[in-house]
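Please open the structure in a viewer and follow the stops below in order. Each stop names what to select and then describes what is found there.

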Amino acid sequence: MAAFRLAALAFAAGSVLAVSALAQPAPVAASASAPDASASVENSALDAPLFYQLLIGEMELGQGDAGTSYQVLLDAARKTRDERLFRRATEVALQAQAGEQALEAARAWRQAVPGSIDAHRFEVQLLVALNRTAETATPLRATLALVPAAQRPAAIASLPGYFSRTADRKATTAVLEQVLLPYAEQRTAGESPATAVAAWVALGRSRLAAGESARALDAARRGQALGPQSEAVALLAIELMPSEAQAEALVTTFLAAQPPASAATRSAVRLVYARTLALGQRYVDAAPQLEAVTRDAPQFIDAWLTLGALRLELKQPAEAEAALREYLARVESATDAAANEPADAQDEDAATPTQRLTQAYLLLAQAAEQRRDFKGAEAWLAKVDSSQALAVQSRRASLLAQQGKLGEARSLIRKLPERQPEDARAKLLVEAQLLRDQKQWSEALGVLAEANDRYRDDTDLLYEQAMIAEKLDRMAEMEQLLRRVIALKPQQPQAYNALGYSLADRNQRLPEARQLIAKAIELSPGDPFLIDSLGWVEYRLGHHDEALRWLRQAHSARPDTEIAAHLGEVLWVSGRRDEARRVLAEARARDAANDVLKETLARLKVDL
């Protein structure tokens with residue numbers, strides 16, 4: 001691994017012939033006036049012996065003798081104290097994957113030219129590549145001391161990147177704390193608050209990478225105390241949210257800071273924040289953030305697409321369609337503007353118009369489908385590029401199945417060509433989902449059993465088969481499949497949750513069910529569906545107040561119909577019937593066809 005990093009470093013450094021480099025005098029500024037005949041001429045540093053020494057060094061390298069070339073070039077560098085020769089000697093050693101020799105050259109360079117920032121940086125990078133992290137503290141301190149004060153915050157912010165490939169993250173954190181705490185705690189005279197903020201953010205990122213999220217949160221708090229408008233602090237806090245719930249307060253503090261950061265900066269942070277909330281399935285909280293981005297910084301076109309997808313998750317097809325149509329209009333406008341730009345001004349990495357529109361068309365088809373406007377959904381699908389055959393035909397099959405044409409839908413999927421190796425597996429999953437949506441449990445189980453025979457120990461397929469077995473009340477089979485998923489992927493929370501919830505829903509082995517759900521939440525804190533499961537098992541255990549606490553939290557984060565049904569039931573049996581009716585009525589307004597909701601209303605005899 002160290003050899004690989006050294007080779008990568010050599011490649012990044014590039015290669016310039018030492019002879020031609022040293023022969024060139026330092027460049028001078030161009031002048032429109034005629035040259036001054038009295039001006040002195042700057043001679044090359046090369047004399048005849050040195051010229052031949054460098055020529056021999058390059059010739060030895062050309063003939064494959066990197067060792068001799070390195071020694072000749074390093075000797076010349078020491079004689080001349082020329083940074084270009086030290087760099088060349090270091091590069092030769094790196095190309096030969098001779099890490100110790102490259103380090104020797106970098107250290108000789110630093111000693112010969114102690115004011116060279118590049119020399120110190122090379123030494124740090126080589127020490128990291130050689131897994132000698134503990135030795136980097138001294139050259140790091142020297143590097144930061146040499147950087148101009150105005151550039152020091154940016155230099156500090158870049159430090160965690162030096163150690164991105166190191167295995168011992170705790171050792172990295174220890175080194176960075178030695179180097180950065182004097183800046184963070186403002187013990188260094190004359191440093192700006194921006195330098196201290198950058199130091200706390202760098203320490204926070206290092207601590208987070210080392211698995212020390214609580215200490216990373218402390219660093220973020222200290223950074224925000226010094227710089228309430230710091231975008232870097234806010235972004236660090238967003239990264240901390242999955243492991244440290246209190247980090248979210250730092251994000252909201254940044255967004256409310258007075259005077260505020262620029263609209264573009266605030267919106268960029270809001271966009272990352274909203275996507276993090278959406279990943280945690282906190283769609284209700286994410287929506288206002290995206291609305292704010294589209295209002296304050298409409299140049300962030302993709303915010304409209306994300307907002308449309310989120311509204312679909314919330315079963316709000318009309319709002320989703322409005323956002324997606326706005327996205328289409330803005331993409332088309334941006335495409336027209338780009339067409340008038342010079343070719344060299346266009347972003348080669350940007351998605352093509354076709355790529356940007358495809359996802360919008362698919363989401364608009366889904367919005368029409370939610371409204372049961374099957375003709376409208378088909379019209380959107382007809383706009384999608386033919387390369388997206390599987391995605392388009394999957395939606396078409398769903399439309400057919402909802403119109404009672406399940407056989408035709410299955411045939412459509414089965415006839416799809418398999419252009420990629422994974423297409424066959426994807427087709428089986430789509431067919432199983434069609435059958436599941438139409439409550440054809442036995443046939444769905446057969447499709448998934450076939451899939452699991454073809455793709456052994458595929459955890460996604462095993463999980464799907466387990467869920468169908470549960471619908472058929474084949475609990476022993478379900479548990480066996482979920483235990484297999486847990487054995488194959490012990491860090492996957494869904495299998496723990498599914499088994500725990502299924503036991504709780506049947507009032508079986510409730511203490512074990514609670515342990516399984518608690519494990520799932522440990523692996524994925526804040527997931528509303530997992531929190532709903534915890535509330536449900538507390539209800540089954542007779543802990544109504546505790547159940548309400550968890551179910552309210554889950555419903556607040558995501559007002560899903562089944563979560564609402566659970567919350568409504570616990571409110572109902574706890575005597576809070578007016579609130580229960582309100583929650584259940586809102587759920588029915590969103591999704592009256594939901595089976596769990598219908599069963600709950602019928603069993604409790606709730607009159608809405």
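**A tour of salt bridges**

Begin by selecting Glu-185, which counts as partly exposed because its relative accessibility is 40% (buried means under 20% relative accessible area, exposed over 50%, partly exposed in between, with a 1.4 Å probe and protein chains only). This is a predicted model, in which local features need pLDDT of at least 70, side-chain atom pairs count only at pLDDT 80 or more, and totals for chains, interfaces and linings use all residues. Residues are numbered from 1 along each chain as its sequence is written, and side-chain values use heavy atoms, with hydrogens and water left out.

Glu-185 and Arg-187 form a salt bridge, with their closest N and O atoms 2.7 Å apart (a side-chain nitrogen of Lys or Arg within 4 Å of a carboxyl oxygen of Asp or Glu).

Now select Glu-378 and Arg-396, whose side chains meet in a salt bridge at 2.9 Å, N to O. Glu-378 belongs to helix α20 (residues 374-381) and Arg-396 to helix α21 (residues 389-402), so this pair ties together parts 18 residues apart in sequence (helices are DSSP runs of H or I, at least four residues, numbered from the N terminus). Glu-378 is partly exposed at 30%, and Arg-396 is partly exposed at 22%.

Move on to Asp-457 and Arg-484, joined by a salt bridge of 2.8 Å, N to O. Asp-457 sits in the loop between α24 (441-454) and α25 (459-471), while Arg-484 is in helix α26 (residues 475-488), 27 residues apart.

How many salt bridges does a search of the whole structure find? The search finds 57.

Key: Helix = DSSP H or I, 4+ residues; strand = E, 2+ residues; numbered from the N terminus.
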